[in-house]
Amino acid sequence: MIKQAIIPLAGLGTRLLPLTSVFAKELLPINGKPGIEYILDECIDAGIKEVIFIISQKKIMIKKYFYNDNFYQKIIKRKKDPRIISEYKKILKYKKMIKFVFQDKPLGTGDAVLKTQKLIKGKYFLMLLPDDLIIKKNCSKSMITVHKKFNTSVMASMKVAKNEVSRWGIYNVKEKINNKNFIIKSVVEKPSIKEAPSNNAVIGRYILPKTIFNKLSKLKPGKGGEIHITDAIQSLINDKEKFIGHNFLGKYLDCGTMKGYINSTLEISKK
């Protein structure tokens with residue numbers, strides 16, 4: 001059973017400047033609720049018991065958000081507001097399942113994952129990227145179902161416009177399993193339009209094997225001088241490790257750009 005999830009949160013959020021010059025993007029409200037809480041709720045609904053946040057000192061406000069007990073206790077003692085009491089109870093529930101590790105140099109998602117090595121207990125773990133919201137259906141839950149059936153790694157997948165392939169990890173299909181799942185042949189990080197093997201993109205949900213830490217520890221920086229999780233995945237594929245691409249049923253929302261962030265609030269408010 002997969003009981004642990006990791007969430008890389010140390011990124012600078014430059015695509016959301018100037019908001020992120022003073023505020024962690026993951027705490028920005030989406031329809032009145034911090035974006036990170038949507039990710040946590042997805043984890044809880046999928047049966048995850050422990051979530052590891054990877055933050056930097058510049059993102060310490062994320063930790064403070066979950067450890068602001070004195071503030072809430074003083075307010076509740078004075079006001080007895082049912083809404084505030086409810087919100088505080090929710091934060092306490094989240095806090096019980098969260099651990100923190102630090103990545104103070106922005107060396108990529110692969111480096112962020114490596115920071116969690118000592119905390120991961122099971123053979124597999126879930127990773128969620130907070131810029132990617134998937135609403136209406138729980139993507140993590142459906143991926144865990146696929147993992148249970150095939151006992152292997154799983155990555156969320158969708159087709160993207162060909163002129164946008166350089167934003168994503170792009171993969172080739174080796175073999176179709178059924179309408180929603182297939183075996184991945186290869187994956188490359190942010191290829192040019194000419195070099196892209198397809199327009200099949202890896203979206204920010206992964207079930208990864210613990211063996212990936214060994215690959216990450218040996219990787220040299222790739223594109224942009226960063227350690228990319230896709231390079232470690234490709235190395236595992238080269239070693240005959242199976243990765244399944246899963247076409248999820250939910251609606252994808254990109255919260256990492258200003259346009260996407262605004263659109264996310266509009267979409268979620270329709271629910």
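Me: How do the residues lining the largest cavity divide by class?
Reply: This is a predicted model, in which local features need pLDDT of at least 70, side-chain atom pairs count only at pLDDT 80 or more, and totals for chains, interfaces and linings use all residues. Residues are numbered from 1 along each chain as its sequence is written, and side-chain values use heavy atoms, without hydrogens and water. Ala, Val, Leu, Ile, Met, Phe, Trp, Tyr, Cys and Pro count as nonpolar, Asp, Glu, Lys and Arg as charged, and the others, Gly among them, as polar. The lining of the largest cavity then divides into seven nonpolar, one polar and three charged residues.

Me: How much space lies in the largest cavity?
Reply: On a 1 Å grid over the protein atoms alone, a cavity is a set of points where a 1.4 Å probe fits but cannot get out, and a pocket is an open set with protein on both sides within 12 Å along at least five of seven lines; lining residues have an atom within 4 Å of a point. Points are joined across faces, edges and corners, and a volume is the space filled by probe spheres set on them. Leu16, Lys25 and Tyr261 are among the residues lining the largest cavity. Its space comes to about 100 Å³.

Me: Which element supplies the largest share of the lining of the largest pocket?
Reply: That pocket holds about 990 Å³ and is lined by 36 residues, with Arg15, Thr109, Leu129, Asp131 and Lys190 nearest its centre. Helices (H or I, at least four residues) and strands (E, at least two) are DSSP runs, numbered from the N terminus. Helix H5 (109-114), strand E11 (200-209), helix H8 (229-238) and strand E13 (251-254) each give at least two residues to the lining. The largest share, four residues, comes from E11.

Me: How are helices H1 and H4 set relative to each other?
Reply: Axes are lines fitted to C-alpha atoms, for helices over the stretch in contact (heavy atoms within 4.5 Å), and angles run from 0 to 180 degrees between N-to-C directions. The axes of H1 (residues 35-45) and H4 (residues 82-97) come within 12 Å and cross at roughly 65 degrees. Angles under 35 degrees count as roughly parallel, over 145 as roughly antiparallel, 65 to 115 as roughly perpendicular and the rest as oblique. H1 and H4 are therefore roughly perpendicular.

Me: What is the arrangement of H3 and H4?
Reply: H3 (residues 69-79) packs on H4 at about 155 degrees, with the axes 10 Å apart. This angle makes the pair roughly antiparallel.
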